[in-house]
Amino acid sequence: TESSVSIEFVRQLLKAHDKFEQKNRLLGHLFAVQDVRAIGKLHTWYPGQRAEFDFTKYGVFLYPNSNWNQPELYFDGLGVDHTSGVIGSFVTTTSPTSRDIVRLYKRYVMPKSTWLPSSLSDVAQLWDVFGLPHLVAMDNGAEFISNATTIMLLMSGVVILRIPPRRGDLKGTVERCINTVESRYIHHMPGYIPKVAVGLNPKYSKVRERAKSAARLTVQE
């Protein structure tokens, strides 16, 4: 007699399988940490202990005309406190550099009245989030790993936490904050273009490559 395996049995078997341990043994610990989601939860015990910095980018059309019809890419940099989730600083630029990171960190640690315009003095008085964090979490972008950024943080006595590639969950507070800001505010700006349309969403990169390959094969045939 032939024996069959039920779908439920396979599902339970896969559910009990430790994917992290398998990739750790086959490909090494670094690959496993990068590819498998975090087990457990990050903890901080008081506001100001851990700061998270990151940049996002989106497309915006600014006064398009016959001579200029491409969207301008804007980058928003945010500094967020991990415990409270409060935004401590922000910058906007079209090309992030180490200078923007220095400006973002400086705005994070200083009272807001020192850099906000006088017209926003009321906001500066209510925005009482400042001070040196004990730890700063950020990714490995060129502007974050530059000498200027590293020296600035080390001279401030800050512990630098480099997040591995594809592990945005290790600085999930600023990632969620960026998504919220974009979906609630930037999304409603005149001329806003989604990441998919601009070609910035990595989820659709393979789809685009397959479409290009299919188009080339069709032309050859």
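1. Exposed means over 50% relative accessible area, buried means under 20%, and partly exposed is in between (1.4 Å probe, protein chains only). Helices (H or I, at least four residues) and strands (E, at least two) are DSSP runs, numbered from the N terminus.

2. Before going on, keep in mind that this is a predicted model: local features need pLDDT of at least 70 and side-chain atom pairs count only at pLDDT 80 or more, while totals for chains, interfaces and linings use all residues. Residues are numbered from 1 along each chain as its sequence is written, and side-chain values use heavy atoms, with hydrogens and water left out.

3. Next, the largest nonpolar core, which has 16 residues. A nonpolar core is a set of buried Ala, Val, Leu, Ile, Met, Phe, Trp, Tyr and Cys residues joined through side-chain atoms within 4.5 Å. Phe53, Phe55, Tyr105, Val136, Phe144 and Leu153 touch the most other members. Strand S1 (50–60), helix H4 (98–109), strand S4 (135–138) and helix H6 (147–155) each supply at least two residues of this core, and H4 gives the most, with five.

4. Leaving aside its neighbours within four places in sequence, Tyr105 is in contact with Phe53, Leu132, Pro133, Val136, Met152, Leu153, Ser156 and Val158. There is also a second, separate core of five residues, including Leu78, Val80, Val174 and Ile178.

5. On to charges. How many salt bridges does a search of the whole structure find? It finds four, a salt bridge being a side-chain nitrogen of Lys or Arg within 4 Å of a carboxyl oxygen of Asp or Glu. Lys171 pairs with Asp54, with the closest N and O atoms 2.9 Å apart. Since Lys171 lies in the loop between S5 and helix H7 (172–184) and Asp54 in strand S1, the pair ties together parts that are 117 residues apart in sequence.

6. Lys171 has another partner: its side chain meets that of Glu175 in a salt bridge (2.6 Å, N to O). That links Asp54, Lys171 and Glu175 in a network of salt bridges. Lys171 and Asp54 are both buried, Lys171 at 3% relative accessibility, whereas Glu175 is partly exposed at 25%.

7. Asp100 is buried, with a relative accessible area of 5%, and Arg103 is partly exposed, at 30%.

8. Finally, look at the surface, where Val5, Phe9, Val10, Leu13 and Leu14 form a nonpolar patch with about 500 Å² of accessible area together. Patches are made of residues with over 30% relative accessible area and no salt bridge: like charges are joined within 9 Å, nonpolar side chains (Val, Leu, Ile, Met, Phe, Trp, Tyr) within 5 Å. Accessible areas come from the Shrake-Rupley method with a 1.4 Å probe; for residues, only the protein chains shown count as cover. Val5 lies in the segment before helix H1 (7–16) and is exposed, with a relative accessible area of 57%.

Definitions and conventions
Contact means heavy atoms within 4.5 Å.
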